[in-house]
Amino acid sequence: MVSIALSATISIAQAPSIVMASTTSTEQSGLFGHLLPEFKKASGMDVKVVAVGTGQAIDMGRRGDADVLFVHDQVAEEKVVAEGFALKRFAVMYNDFVLIGPAADPVQVKGKDIAAALKKIKAADAGFISRGDKSGTHAAELRYWKTAGVSTPEFAGYKACGCGMGPALNMAASTGAYVLTDRGTWLNFKNRADLAVLVEGDTRLFNQYGVMVVNPAKHPQTKALEAQKFVDWIISPAGQGVIAGYKINGEPLFFPNAAK
């Protein structure tokens with residue numbers, strides 16, 4: 001009995017695993033709870049997810065604190081590859097950003113133009129919750145402000161929480177503020193209060209996700225072979241099918257596009 005227990009302990013200890021630095025939006029959308037058990041069935045491998053903003057996730061890769069990055073800021077992703085801290089970037093899936101706000105829409109931003117909406121929010125000094133955490137969502141938000149002619153969104157109603165997507169949505173729900181979010185997290189968000197989707201459908205709101213292995217030439221401890229197995233699986237028809245199958249109330253949260 002002792003030898004059996006010991007061998008089981010050794011087997012568990014030797015089970016392959018990797019660390020994935022990813023975003024709060026992918027975690028809080030519920031995707032990983034759906035995706036990673038299927039990857040383990042296919043590979044026998046465990047994936048430990050560290051969910052932070054995309055900027056922090058990429059910094060983890062630069063430091064060698066993760067084996068694989070799964071993030072959504074293409075400019076930053078291409079930069080970390082060019083710097084040599086990550087290997088080839090692969091497109092995985094997309095969804096879109098949406099502007100959320102009080103259903104009564106006191107500033108009257110509802111429509112398809114994100115720049116016009118942000119101009120109205122600033123002009124009215126309305127409440128706006130920013131992630132303020134160097135995440136992919138925060139980077140996108142800052143791009144949209146610039147598109148609206150606002151280089152630095154500094155007005156009384158603008159609050160940067162330095163937090164993940166879920167907490168930012170909770171703050172918006174409790175204060176009746178506007179907030180930019182990825183659609184996946186919104187669909188999985190339970191504490192909506194009187195919030196509603198107000199701006200959607202602008203092509204600028206496209207939200208692409210990418211995946212890449214941390215470069216073992218920079219950090220020899222990187223489990224590059226195991227991480228590559230995850231990348232190969234998630235961009236394969238099997239992995240892409242699992243992503244497509246993740247839905248809430250019949251609505252898909254992400255759309256696989258590795259083959260495009």
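Start inside: the largest cavity holds about 30 Å³ of space. A cavity here is a set of points on a 1 Å grid over the protein atoms alone where a 1.4 Å probe fits but cannot get out, and a volume is the space filled by probe spheres set on the points, with points joined across faces, edges and corners. The structure holds 1 cavity of 30 Å³ or more.

Bear in mind that this is a predicted model, where local features need pLDDT of at least 70, side-chain atom pairs count only at pLDDT 80 or more, and totals for chains, interfaces and linings use all residues. Numbering runs from 1 along each chain as its sequence is written, and side-chain values use heavy atoms, with hydrogens and water left out.

Now select I129, S130, R131, T137, H138, E141, V179 and L180, which line that cavity (lining residues have an atom within 4 Å of a point). Color strand 5 (128-130), helix 7 (136-147) and strand 7 (178-182): each supplies at least two lining residues, and helix 7 gives the most, with 3. Helices (H or I, at least four residues) and strands (E, at least two) are DSSP runs, numbered from the N terminus.

Next, head for the largest pocket, at about 190 Å³. A pocket is an open set with protein on both sides within 12 Å along at least five of seven lines. Select H72, D73, Q74, V75, F97, G136, R143, F206, N207 and Q208 to show its lining.
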